[in-house]
Amino acid sequence: MPEEFVTTAGHVAGPGATPDPGAGDVSQFSGTSRPPGADKLIELVHWFSWGITGVMMVGVLMAAGKIAVSIQGGRGGHEGVAHLAWVAFACVVAGSAAAIVGHLL
């Protein structure tokens, strides 16, 4: 079971959680419901997030390879560490995207 946490807005989020804008309290809007095709859009966002996760894994592996080649060649691996830092920053932003959007909704 994935670890989940409740945000300040009362939404449940966790690793890979995708915000669902149609899941909020719509009682204030009479007759409001999710638009047609919303389920397909949410499914598309889920697939996109899996793709981004794969790209980030490849980026980490490439940075590790760059570090290994640089160290083996006697260059110290500084370029690879900078590459790894940028990939790690991208992972943090991608991992936080669902929480950021959830708070804005």
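This is a predicted model: local features need pLDDT of at least 70, side-chain atom pairs count only at pLDDT 80 or more; totals for chains, interfaces and linings use all residues.
Leu44 lies in helix H1, which covers residues 38–72.

Together with Leu41 and Val45, Leu44 makes a nonpolar surface patch of about 270 Å². An α-helix has 3.6 residues a turn, so residues three or four places apart point the same way.

## Chain overview

The protein chain contains 2 helices and 2 strands. Read from the N terminus, the order of elements is β-β-α-α.

Of its 105 residues, 15% are buried. Among contacts with a separation of 6 or more, 39% come from residues 24 or more positions apart.

## Helix H2

Helix H2 runs over residues 78–104, a total of 27 residues. At 1.5 Å a residue, H2 should span 39 Å, and the C-alpha atoms at its ends are 38 Å apart, so the two values agree. H2 also has a bend of about 40 degrees, located at Ala97.

Which residues of H2 are buried? They are Gly80, Val87, Ala98 and Gly102. The cover over these buried residues includes H1, the helix that also holds Leu44.

How values were computed. Residues are numbered from 1 along each chain as its sequence is written. Side-chain values use heavy atoms; hydrogens and water are left out. Patches are made of residues with over 30% relative accessible area and no salt bridge: like charges are joined within 9 Å, nonpolar side chains (Val, Leu, Ile, Met, Phe, Trp, Tyr) within 5 Å. Accessible areas come from the Shrake-Rupley method with a 1.4 Å probe; for residues, only the protein chains shown count as cover. A salt bridge is a side-chain nitrogen of Lys or Arg within 4 Å of a carboxyl oxygen of Asp or Glu. Helices (H or I, at least four residues) and strands (E, at least two) are DSSP runs, numbered from the N terminus. Buried means under 20% relative accessible area, exposed over 50%, partly exposed in between (1.4 Å probe, protein chains only). Contact means heavy atoms within 4.5 Å. The expected span of a helix is 1.5 Å times one less than its number of residues. The bend at a residue is the angle between axes fitted to the seven residues ending there and the seven starting there.
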